[in-house]
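Good morning, and thank you for making the time.

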Amino acid sequence: MEIEKGSHGPASRDSLLQWSQWQLLDSILPTGGFAHSLGLEAAFQAHMISGPEDLQTYVLHVLENTGSLLLPFVYSANMSPNLETWHKLDRILDATLTNEVVRKASMAQGSALMRVAATVFTEAPSLEMMRISSLGSGTVAFHHAPIFGLVCGLLGMDTGISQRAYMYITMRDVISAATRLNIIGPLGAAKLQHDIAIAAEDMSKKWMNRTFEEACQTAPLLDTVQGCHAYLFSRLFCS
């Protein structure tokens, strides 16, 4: 069956953009998010987490820290999805992330997301142009949060949905890591994700629509624990 690539009206283009927006959040999109545990593996091996209750507390702290530190970069990139703003946000976040494990994880996921988005979302041709012009510059670290906001902006996703989406994929990835570490079963993980949604929405509203100048760290212990990941003798995840 041949795929038709004819012209579409404004209403049809908006509908097609929604399919792209859903695909951006799909776990099948090969951005490498499931290779990272957001420090959960290090915390588990340090005996900070022993069961579902500890896991829920950990996820809540991860979400709070994501909201305070990274949502401002998602928001700022989404508001001005252009090359100049993206490069500026990338440089600032690169200087902000002093934890080498977190920094490398952000760069790895951001590079993967930019590569996939530029290839898949052809309705936003500027993504490919931005990627090509940035690859040879040597000054762009390709951090994940600004790129996520950039892609969301170019796909027509509004700032509120973009920030909630970032919180959602963060929650999804850390709970997914918990199932592979056998901290919780698949059914329990699904129930936990549903239960945490109320708190995640409250945190999203708390940290939403802040500029990058307001970014801050709210859970320094998480940063310390994740920094220990590189010293684990045996590990399943990259971070």
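At a relative accessibility of 55%, cysteine 238 counts as exposed. Please bear in mind throughout that this is a predicted model.

Let me stay with the cysteines for a moment. A disulfide is a covalent bond between the sulfur atoms of two cysteines. How many disulfides does the structure hold? The number is 0. Cysteine 238 accordingly takes part in no disulfide, and the nearest cysteine sulfur, belonging to cysteine 228, lies 17 Å away. Cysteine 216, for its part, is partly exposed, at a relative accessible area of 30%.

Is histidine 229 buried or exposed? With a relative accessible area of 1%, histidine 229 is buried, because buried means under 20%.

Leucine 24 belongs to helix H1, residues 10–25, and counts as buried at 7% relative accessibility. Which residues does leucine 24 contact, leaving aside neighbours within four places in sequence? They are Leu29, Leu113, Phe121, Phe148, Val151, Cys152, Leu155 and Met157. Leucine 24 also lies 9.3 Å from alanine 165, C-alpha to C-alpha, although 141 residues separate the two in sequence.

These two residues lead on to the chain as a whole. Among contacts with a separation of 6 or more, 81% join residues 24 or more positions apart. Of the 239 residues, 47% count as buried.

What is the secondary structure of the chain? It comprises 11 helices and 0 strands. The radius of gyration is 18 Å, close to the 18 Å that the globule rule gives for 239 residues, so the chain is as compact as a globular protein of that length. Along its principal axes, the C-alpha trace spans about 55 × 40 × 35 Å.

Finally, the surface and the charges. The chain exposes about 12,100 Å², of which carbon and sulfur atoms supply 58%. There are 16 positive and 22 negative side chains, and the centres of the two sets are 3 Å apart.

Thank you; I would welcome your comments.

Note on methods: Residues are numbered from 1 along each chain as its sequence is written. This is a predicted model: local features need pLDDT of at least 70, side-chain atom pairs count only at pLDDT 80 or more; totals for chains, interfaces and linings use all residues. Side-chain values use heavy atoms; hydrogens and water are left out. Helices (H or I, at least four residues) and strands (E, at least two) are DSSP runs, numbered from the N terminus. The radius of gyration is taken over C-alpha atoms; the globule rule is 2.2 Å times the number of residues to the power 0.38. Buried means under 20% relative accessible area, exposed over 50%, partly exposed in between (1.4 Å probe, protein chains only). Contact means heavy atoms within 4.5 Å. Accessible areas come from the Shrake-Rupley method with a 1.4 Å probe; for residues, only the protein chains shown count as cover. Lys and Arg count as positive and Asp and Glu as negative; His and the chain ends are not counted. The place of a charge is taken as NZ of Lys, CZ of Arg, CG of Asp or CD of Glu. A disulfide is a pair of cysteine sulfur atoms within 2.5 Å.
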